[in-house]
Every structure is written in structure tokens, then in C-alpha cells.
Amino acid sequence: MSALTLQFTQVGLDALLVAKANGKKAQISHMAFGDASYSPSQTQTSLRSLKELQPIRDDNYQADENHQVTVVALFDKAITAPEYAIREVGVFIQVDEPAGSDENLILLGVYSEPNRTLGYRTPDVKILQSVTLSLAQLPSGSVEIKPGIDNFNVLLDNELADLTLVQIDTMHRQLKQELRLAALEKQG
């Protein structure tokens, strides 16, 4: 799936204004998938058909004139429900602790389109989903990103370790072959 732009919700914007008035910042903390396909509304307070909810794992803040942030969540847990078509994506905030928990979540924005499938989730598929938010559309200084315990850098540790081991093994074989070739050249 490509990066998505959200329809912000009134409940999310209201929560940001209240947090800012109280000297707090809301934390963008979770992303969710659902299987309903529709035109999102600013009055929404939840996804229409929530299937999975995962903590935000990483972010990429671009300090340009657009003040955009891309948040990333990994949907890698074994699903117990039947496989489903991903047709809605939601981003959630929290104002109160504990950050990263599933409690006190408020829908900040949702992405969906009528008759559009964004992806398909099966038990064997891991999905690394990113969503781009324009912070310029939000009250200034009202939001921060709190990646979960395992941020994106840690998510790929097993895959990177395996790749590194293969590369080192290949280089070792090539070096041994080069040494054998050099030895043969000395003999000849």
C-alpha cells in the first residue's frame, strides 16, 4: 500500500485543542485496519469495521513548509479472524498515559474510499503500513509521535542479521577463493 492522507475527525481535533489548552500534547500512538469501504466523515468517532489495532512503530518527520509526518505500524501478529480485505485505515491519538496502550484512544483520522481495496490481510502476510499526516492542518504544538517499544529500527533486526550473515559468508568464500588463486599463480 502507498502512503495515505487522512480525513481528520472532529473528535480528534477537539481532543488536540483540549490537550493544548491544558498544556499537554496528544500522542499519535496507534493505527488500525478495517474492512469497510466508504467516504470518511469528519464526524466519525471510530472505524466502521475495525479488524486490527497496532501501536505506531516509527515516524519520519519532515521539517519543511508542509510539516508532514509519516507514521508507520507493523501488522505482523497472527490473526485469529478470517482473512480480510483492508478498506479503511485509522490513526489514533492518546492524551493521557499510558502511552502506547490500547486505552484512551481517540480517532484522529481515517482513510477509506468507496469500492477501493487497499490491501489484503491473511495469516501469512506481514504489512508495514505508513500514513502521512500534514501537521499544518492541526493545532500547532498539540501533537507528538510516541513510537512503541519496538521502533522500525528494531523491527528488521532478524532480517538484517540474516542478510549480514549471508554477506559475510559470501565474502569469506570469495576471499578463500582469491587466496587459492594467488597461491596457484605463485606456483605457476
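Q: To start, in which strand does glutamine 7 lie?
A: Glutamine 7 lies in β2. Bear in mind that this is a predicted model.
Q: Is glutamine 7 buried, partly exposed or exposed?
A: Partly exposed, because its relative accessible area is 31%, and buried would need under 20% while exposed would need over 50%.
Q: And what does glutamine 7 touch, leaving out residues up to four places away in sequence?
A: Pro40, Ser41, Gln42, Leu108, Gly109 and Val110.
Q: Zooming out, what does the secondary structure of the chain come to?
A: Three helices and 11 strands. From the N terminus, the order is β-β-α-β-β-β-β-β-β-β-β-β-α-α.
Q: What share of the contacts with a separation of 6 or more comes from residues 24 or more positions apart?
A: That share is 77%.
Q: And how much of the chain counts as buried?
A: 38% of its 188 residues.
Q: Let's do α1. Which of its residues are buried?
A: Gly12, Leu13, Ala15, Leu16 and Ala19. They sit on the same side of α1, because they cover an arc of only 155° around the axis. On the other side, Val18 and Ala21 are exposed.
Q: What covers the buried residues of α1?
A: The cover includes β2, β3, β7, β8 and β11.
Q: How does the reach of α1 compare with what's expected?
A: α1 runs over residues 10-21 and reaches 16 Å from first C-alpha to last, close to the 16 Å expected. Glycine 23 follows α1, and its phi is positive, near 75°.
Q: New topic: how many aromatic pairs are there?
A: The count is one aromatic pair. Phenylalanine 33 and phenylalanine 75 have ring centres 3.8 Å apart and planes at 15°, so they are stacked.
Q: Where in the chain do those two phenylalanines come from?
A: Phenylalanine 33 is in β3 and phenylalanine 75 is in β5, so to speak distant parts of the chain, 42 residues apart. Both phenylalanine 33 and phenylalanine 75 are buried.
Q: What about charges over rings: which ring does the charged end of arginine 48 sit over?
A: The ring of tyrosine 38, at 3.9 Å from its centre.
Q: Now the largest nonpolar core. How many residues does it have, and which have the most contacts inside it?
A: It has 30 residues, and Ile28, Val71 and Leu133 have the most contacts inside it. The elements giving two or more residues to this core are α1, β3, β5, β6, β7, β8, β10 and β11.
Q: What does leucine 133 touch, again skipping residues up to four places away?
A: Leu6, Phe8, Ile28, His67, Gln68, Val69, Val71 and Leu108.
Q: Which residues are in the second core?
A: That one is separate and has seven residues, among them Ala32, Leu47, Phe92 and Leu107.
Q: Last one: where does asparagine 115 lie?
A: In the loop between β8 and β9.
Q: Is asparagine 115 buried or exposed?
A: Exposed, because its relative accessible area is 80%, and the cut-off for that is over 50%.

Terms used
Residues are numbered from 1 along each chain as its sequence is written. This is a predicted model: local features need pLDDT of at least 70, side-chain atom pairs count only at pLDDT 80 or more; totals for chains, interfaces and linings use all residues. Side-chain values use heavy atoms; hydrogens and water are left out. Helices (H or I, at least four residues) and strands (E, at least two) are DSSP runs, numbered from the N terminus. The expected span of a helix is 1.5 Å times one less than its number of residues. Buried means under 20% relative accessible area, exposed over 50%, partly exposed in between (1.4 Å probe, protein chains only). The arc is that of the directions from the helix axis to the C-beta atoms. Contact means heavy atoms within 4.5 Å. Rings of Phe, Tyr and Trp (its six-membered ring) pair if their centres lie within 6.5 Å; planes under 30 degrees apart count as stacked, over 60 as edge-to-face and the rest as tilted. A charge sits over a ring if NZ of Lys or CZ of Arg is within 6 Å of the ring centre and within 35 degrees of the ring normal. A nonpolar core is a set of buried Ala, Val, Leu, Ile, Met, Phe, Trp, Tyr and Cys residues joined through side-chain atoms within 4.5 Å.
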